[in-house]
Amino acid sequence: MTASILSTTSTTTPDSIKAATNALKKFRVIYGTVRQHFREVEQSCGISGSQLWLLQEIHRTQNIGVSELANRLSIHQSTCSQLVDKLAKAKLVSKIRSEQDQRRVGLCITEQALAILAKAPSPAEGVLPEALNAMPHDVLLQLDHMLEKVIKQLGVRSHKLENLPLSDM
């Protein structure tokens with residue numbers, strides 16, 4: 001099927017088909033590795049990978065606000081609020097209103113969340129963010145440029161997916 005899809009491109013040669021197939025296999029390895037990590041998180045912790053990452057960030061910065069948390073995770077603020085609400089409902093996060101500014105709500109993890117963090121597989125943020133953060137800046141710029149080309153070829157009409165946690169896709 002890959003060859004038939006690729007044969008409609010303007011650069012159809014045996015070498016370009018082989019290169020496209022090799023690139024597709026690498027995407028499969030990345031996707032499969034990410035999915036496997038999130039399955040391990042859910043099996044060992046009982047929460048999603050995105051929820052685990054939120055707990056880790058809240059633990060690192062007690063009293064963090066939802067806006068700052070969303071920025072750290074590169075997700076939309078409303079998505080972050082929904083994740084925080086689920087964690088609060090599960091009694092893993094508590095919301096504490098600031099005494100100085102009643103409009104500000106800080107987040108703290110509970111003892112139950114600490115126990116989950118202690119048994120969670122690493123990295124809490126996921127294997128892909130960890131791998132990307134370990135790469136040199138110039139390589140990340142090249143990767144970003146090449147991925148933009150792939151996205152353009154896909155004909156993506158909406159970039160809403162870029163603000164969703166990988167574990168929730």
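Entry 1: I looked up the exposure of K91 and found a relative accessible area of 59%, so K91 is exposed (buried is under 20% relative accessible area, exposed over 50%, partly exposed in between, with a 1.4 Å probe and protein chains only). K91 lies in the loop between α5 and β1 (93–97). I noted that its phi is positive, about 65°, although K91 is not a glycine. S74 also has a positive phi without being a glycine, at about 55°. I placed S74 in the loop between α4 and α5. Its relative accessibility is 53%, and S74 therefore counts as exposed.

**Entry 2: the model.** I record that this is a predicted model, in which local features need pLDDT of at least 70 and side-chain atom pairs count only at pLDDT 80 or more, while totals for chains, interfaces and linings use all residues. Residues are numbered from 1 along each chain as its sequence is written, and side-chain values use heavy atoms, with hydrogens and water left out. The average pLDDT (the predictor's confidence in each residue, from 0 to 100) is 87 for the protein, and 93% of the residues score at least 70. Residues 1–7 have a pLDDT below 50, and I found 9 contacts in the model for this stretch beyond near neighbours in sequence (contact means heavy atoms within 4.5 Å).

**Entry 3: cis peptide bond.** I found a cis peptide bond between S122 and P123, with omega about -10°. P123 is in the loop between α6 and α7 (127–133). For reference, most residues other than glycine have a negative phi, and most peptide bonds are trans.

**Entry 4: α3 with α4.** I took helices (H or I, at least four residues) and strands (E, at least two) as DSSP runs, numbered from the N terminus. Axes are lines fitted to C-alpha atoms, for helices over the stretch in contact, and angles run from 0 to 180 degrees between N-to-C directions. Helix α3 (residues 49–60) packs against helix α4 (residues 66–73) at about 120°, with the axes 11 Å apart. That angle makes α3 oblique to α4 (under 35 degrees is roughly parallel, over 145 roughly antiparallel, 65 to 115 roughly perpendicular and the rest oblique). The crossing is right-handed (the near helix is turned clockwise from the far one by less than a right angle; anticlockwise is left-handed). I listed W53, L54, E57 and I58 of α3 against L69, R72 and L73 of α4. The contact residues of α3 with α4 comprise 5 nonpolar, no polar and 2 charged (Ala, Val, Leu, Ile, Met, Phe, Trp, Tyr, Cys and Pro count as nonpolar, Asp, Glu, Lys and Arg as charged, and the others, Gly among them, as polar).

**Entry 5: α3 with α6.** Helix α6 (residues 111–119) and α3 have axes that come within 10 Å and cross at roughly 110°. That makes α3 roughly perpendicular to α6, and their crossing is left-handed. On α3 I noted L52, L55, Q56 and H59, which meet A113, L114, I116 and L117 of α6. The classes in this contact are 6 nonpolar, 2 polar and no charged residues.

**Entry 6: α3 with α5.** The axes of α3 and helix α5 (residues 77–89) come within 10 Å, crossing at roughly 85°. I therefore recorded α3 as roughly perpendicular to α5. S50, Q51, L54 and L55 of α3 meet C80, L83, V84, K86 and L87 of α5. I counted 6 nonpolar, 2 polar and 1 charged residues in the contact of α3 with α5.
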